[in-house]
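Please keep the sequence and the model in view while reading.

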Amino acid sequence: MISISKKTLDDLEFDTVLTHVAELCSTDFGKSKAVQIVPFKTKEQLNVALQEVYEYKSSYLNDAKIPNHGFESINKEIQLLNIENTFLEATNLKRLVSISSTCNELLVFFKSNKELYPVLYQTCTRVHYTKEIINQIEAVIDKFGEVKDNASTTLQGLRREINSVQGKLNGSFGKDLSRYNSLGYLDEIKESVVDNRRVLAVSAMYRRKVKGAIMGSSKTGSIVYIEPEATLQYSRELSNLQYEEREEIVKILKELTNKLRPHIELLQEYQEYLSDVDVVSAKSKYANKLNAVLPKISSNRELTLKEAYHPLLYLTNKSKQEKTYPQTISLDQNNRIIVISGPNAGGKSITLKTIGLLQVMLQSGMLIPVHEYSRMCLFNTILTDIGDNQSIENHLSTYSYRLKNMNYFLRKCNDKTLFLIDEFGTGSDPELGGALAEAFLEVFYERESYGIITTHYANLKMLANELPHITNANMLFDVKTLEPLFKLHLGEAGSSFTFEVAQKNGIPYSLINKAKKKVERGKIRFDKSIANLQKERSKLQKTTSSLKTKEQKAEEEKERLEKTNDRIQRKLESYQELYDSNQRMIYLGQKIDDLNEKYFNNKKKRELIDEFMKIVQIENSKRKKIPVKQRKVEKAKEQKIVTEVKKKVEVIREKKKEEKKKEEKLIQQKPKVTLKIGDKVRMIDGKSTGTIDTIEKGKAVVNYGIFTTNVALDQLEFVERKKK
């Protein structure tokens, strides 16, 4: 039985991974399930979960794409179905149709593609396929979410009467509208709607001349809204019929709801199944973001991770466009425990967390960012001691807390345990703490547990060197600059570079020498030997790096040539496509021209339409159907362009308005000329000029040569005075 504690999950930041997965869910149900993911209890359940995610991820590359699984929550509908004498409205019923259709579509899809998705098909067989819910609802509710006329004979009769009365009401209203409009009693808008009733828009001065019920007035009081007397009777009759119609609809909906009550469990199954599919979909999307794969699950006790990335670090660095360094590590029967040493900030802790988090993710049914040739077994228990575990609540120091944790480790440790301990033995006197840590490590070793620890203690490095199934390892450093290389090297302990780091940070050399004298010579020689080995390895690393750089340059040149070749090939293909397209247009043009000539000769419309439709069908069969999502994306792009154009147009309009205002100000600033008979004038903003023949009562008769017109003097603009 697999059991992994919450503390382990918290230490490894598993909740952050779950938050990322939840964000990729498309339903609220799926999100709530995603944040509650925990490692599976049995190997059988885990294998099914991993295969589901693997199959779903592979669907992105298959032609048979898995249909949409999105749904609206039907919790409210299920609650109402559980209460007697309640009924579901048409909108609620449409939700039931939607979830039932979505589920049925998935069930049919997996059944017809069970060779491609065998595990997803096996999972879906627990859900019952039926069209009964859909048929029962669609017999009563139409595609617009309205109760159908033929849902009952009574409803059909009522709606027939409603249509009849509505027709009479409209006819009567139309007559009154025409009559009162001809008498000039109505305002320009003529009619309006108040409380869903058509009313006449009567000028306030004529309100007593129009018989009917006053339904309201405009804000200014200039218009009174009156329902004509002749239509009042029809309105009352219509209201009564609509009330009876609603009562009949409620009766129909109650009957339909009662028929659906036996399906409550099935509807709950639908919701559970679709939310499970949503979680599987989110896991596969997360796997895509991480370039994750399903490693080989081994029945042997082995853990071989090749090019393993820490998921959270990988995504963070990816967003910052920074490089993430992968790690390769292996545990098996001959190498059960790895002791990682070396200076801080070299990546020891992140290596520890990477292994732990990837193991937890795998055992929770997720794909992981490793090389596909990686091999992993399953552990019944994963124990962690990572970070500063000082407990303020329990008044425990770091060391006391760690000892308590070690006691828990001793109780739980066996041959199916993976333990991960950061800074093993720290928190107490180095010699005494180191001795106790050594004793703990021997117990873990005897119990054949698998584990990785990080430490600075020389006695633990020595123990790892002495025992056959424990291996020393270190994080590589550049010995000159003391910069970390973030690469794990197995087989040798790492120097802590204590004195070297001190010297680099400006500590006086005399003080460093004094410190060296206080330490046993054996320890210094041991640390110095390790440092020398690391220096030699660093030289080899540089040689290897140089060779790799040359190889990479050759590869880049090859890629550049391939890209150039591809670009030329694409150009040729695009020219070919253009040529083919032009040929097709010419061919279609000839076809249309032939049809045109044929119709010109025989004048047979039916034959022309048939021939034309054949051409259209042939051409449409060649077209690719654009998916709804792509259409939405293209539509969104078009909308964005339209919005930008509108904004630009608005800016231009504002500029024109400002220019117009400036012109008006200039006109106002011009000195006004008293117009006289014989002056040449033009209309403001006009172009044609005319001569004033007469002026009378603020108006002038302007002669344009071909015709004359009466114009108000303030609408005229002075051009030229008559020459004497």
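Two strands pair if DSSP finds at least two bridges between them. Helices (H or I, at least four residues) and strands (E, at least two) are themselves DSSP runs, numbered from the N terminus. The model is a predicted one, in which local features need pLDDT of at least 70 and side-chain atom pairs count only at pLDDT 80 or more, while totals for chains, interfaces and linings use all residues. Residues are numbered from 1 along each chain as its sequence is written, and side-chain values use heavy atoms, with hydrogens and water left out.

Strand 8 covers residues 337-341 and runs parallel to strand 12 (residues 450-454), to which 4 bridges join it. In this pairing, Val 339 stands opposite Ile 453 of strand 12. Is strand 8 buried or exposed? Of its 5 residues, 5 are buried, where buried means under 20% relative accessible area, exposed over 50%, and partly exposed in between (1.4 Å probe, protein chains only). Cover is found on both faces: Ile 337, Val 339 and Ser 341 are buried on one side, and Ile 338 and Ile 340 on the other.

The description now turns to charged side chains. A salt bridge is a side-chain nitrogen of Lys or Arg within 4 Å of a carboxyl oxygen of Asp or Glu, and the structure holds 17 of them. In one of these, the side chains of Lys 33 and Asp 276 meet at 2.7 Å, N to O. This pair links distant parts of the chain, since Lys 33 lies in helix 3 (residues 28-34) and Asp 276 in helix 11 (residues 264-290), 243 residues apart. Both partners are partly exposed, Lys 33 with a relative accessible area of 22% and Asp 276 with 30%.

Another salt bridge joins the side chains of Arg 246 and Glu 89 (2.8 Å, N to O). Arg 246 lies in helix 10 (residues 229-260) and Glu 89 in the loop between helix 5 and helix 6, so the pair ties together parts that are 157 residues apart in sequence. Arg 246 is partly exposed, at 36% relative accessible area, and Glu 89 is also partly exposed, at 30%. Salt bridges that share partners also join Lys 33, Arg 126, Glu 272 and Asp 276 into one network.

A further salt bridge brings together the side chains of Arg 95 and Glu 72 (3.3 Å, N to O). Arg 95 belongs to helix 6 (residues 90-112), whereas Glu 72 sits in the loop between helix 4 (43-58) and helix 5 (75-81), 23 residues apart.
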